[in-house]
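Let's take a walk through one part of a structure together.

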Amino acid sequence: MQSTLNAAINYHQLDFQWKSQKPISRKFKTSPKILPLTNSLRTSINYEPEEGLDKVPGPPGSEPNSVLRLPVVIRQSGRVSRYIYEGNSLKLVSLDGGAGSFSLDFEDAFRKLVRVSGFGIKDFFIPKQVPENYMGYVKWKFLHRVFSSALQVLATQAMFRAIGIGYSRSLPSAAALNWVLKDGLGRLSRCIYTASLASAFDTNLKRVRFTTSVLFSLSIGVELLTPTFPQYFLLLATLANIAKQISLACYLATGSAVHRSFAIADNIGEVSAKAQIQTVCFDNLGLMLAALLNMLFKNNQRLLAGLPFFVYPIFSAIDLFGIYQGLQHVHLQTLTKDRLEIILNSWIDFRHVPSPAEVSEEEGIDFLWTKNNELWPIRIGCLNTNSEIPKLSMMAMQSLTSEDYYFVCMESSCREWTRIKPRGILLCLREGSGTADVIMGLLQACYIRKALLFSSMWETAVEDKDVSDLVFKEWFKLIDDSKQSAKRDLSTLNDQMGSLGWALKHILLSTEEQARYSFVDD
């Protein structure tokens, strides 16, 4: 509103090109001298007057038949229009297929209708400013929501049949009580699950999201079994609802991070709103699909009762495939330990900082937890006192000063539950350490790992209780060299990461990775 008022006020102060510097008498018969347009008015759309109509319009009465195509084009809702000055008025002319194309035949009209409709649908579902990978995400989301919604309808019908079969001689209040109990127990489990995995929603978003999606798909299968075992309705329905509530909690907790990854213009509100529109429309299509299947088999009750068991494996596979492919199009800009490690390894090997899309492709979803089997894995946390601490690690702690905000040491192999944890590198962070300290410490740890991979000496040194002086010297030399390399690279690395859109303000760490030590100067 304010800009409109300013424009209205400044309009009378503009020095139009056809105005002379002196007052013009109403009795003149020739038009005043016309000034040519300056190059400052040219835009990416070339200023090209139509052939034979290249005269610049003057004031009223000068040359009423002259036409000027102004270098201003408006694109809105799939329509492209251009301003022209004809005679004494300013007009907005539609451009259909390019400048000068004003064909009104049926084919062009139909093509224009299709294009305008397509742009209208796109404006309805898609935010204005989103990255290129957003369209791929929406396509797979469409597949996921349609078939998931259809399965939920079939599962709900199955549970209604189970209540009718199992409680045909009971009061309706008993069936209602069972329904309320399974909902209440499901919501209680949702609270417990959310509280126990709060930080995992940030550090392992894709893995947790897909895992809970598989859990949700299995819960629908359990609900479909309720008509077969109506006497166990409460048990089966409660188990299914617990799984559903856990999946819903993950969906809500990770939704904002997914939307933020697409809000390149900080338009997270618009992205979230469009996501809700997509969900409602896609779910309604799923309802229509389920209704269509019921209509096709309504005359055969046996086929109708067995329909869910036939479509469940097909629809579930399509649903999970759509979720998996959709997550592949989510490129998170936030930094976690795993993403930062991918960036640092690429920097050390190729002096190249990968973009969020490149890191997303290498990171994957890791549904089966197979990416932690590398040699000398790096862990952020504190030393595990349940296992034997290498002497080199004790020496590293003894050498700490008040200026150090982290230290890097070795971890020996140990048994955890049913698996053997391999020897690795540990990064311990001090209270008060910032983002720069985490990046520098992890970069130093990556440099150390690269050196350890080229020497077999360290495989035995980390397990030996009696370490020779030569090993001590080599270790502390390695620590010092790697720290100097990390200091040298830190500034350039941060600049390149920031230019690629990485969020450098905070690094998201899990609960174990958030453990800190305090320095005590005795």
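Predicted model: local features only at pLDDT ≥ 70, side-chain atom pairs only at ≥ 80, totals over all residues.

Residues are numbered from 1 along each chain as its sequence is written, and side-chain values use heavy atoms, with hydrogens and water left out.

Find helix α10 (residues 337-350) and helix α13 (residues 435-453), whose axes come within 10 Å and cross at roughly 55 degrees. That angle makes α10 oblique to α13; oblique is what remains once angles under 35 degrees are called roughly parallel, over 145 roughly antiparallel and 65 to 115 roughly perpendicular. The axes here are lines fitted to C-alpha atoms, for helices over the stretch in contact, with angles running from 0 to 180 degrees between N-to-C directions. Helices themselves are DSSP runs (H or I, at least four residues), as are strands (E, at least two), numbered from the N terminus.

Who does the touching? Contact means heavy atoms within 4.5 Å. On the α10 side, the residues include L340, L344, W347 and I348, and among those they meet on α13 are I439, L442 and Y447. Sorted by type, the residues of this contact divide into 9 nonpolar, 1 polar and 5 charged. Nonpolar covers Ala, Val, Leu, Ile, Met, Phe, Trp, Tyr, Cys and Pro, charged covers Asp, Glu, Lys and Arg, and the others, Gly among them, are polar.

Now step into the loop between α10 and α11 (356-363), where you'll find R351. R351 isn't a glycine, yet its phi is positive, about 55 degrees. Most residues other than glycine have a negative phi. R351 is partly exposed, with a relative accessible area of 41%; buried means under 20%, exposed over 50%, and partly exposed in between (1.4 Å probe, protein chains only).

Next comes α11, where P356, V359, S360 and E363 are buried. They cover an arc of only 105 degrees around the axis, so they sit on the same side of α11; the arc is that of the directions from the helix axis to the C-beta atoms. E361 and E362, on the other side of α11, are exposed. The buried residues pack against α6 (205-224), α9 and α10. Just after α11, G364 takes a positive phi of about 65 degrees.
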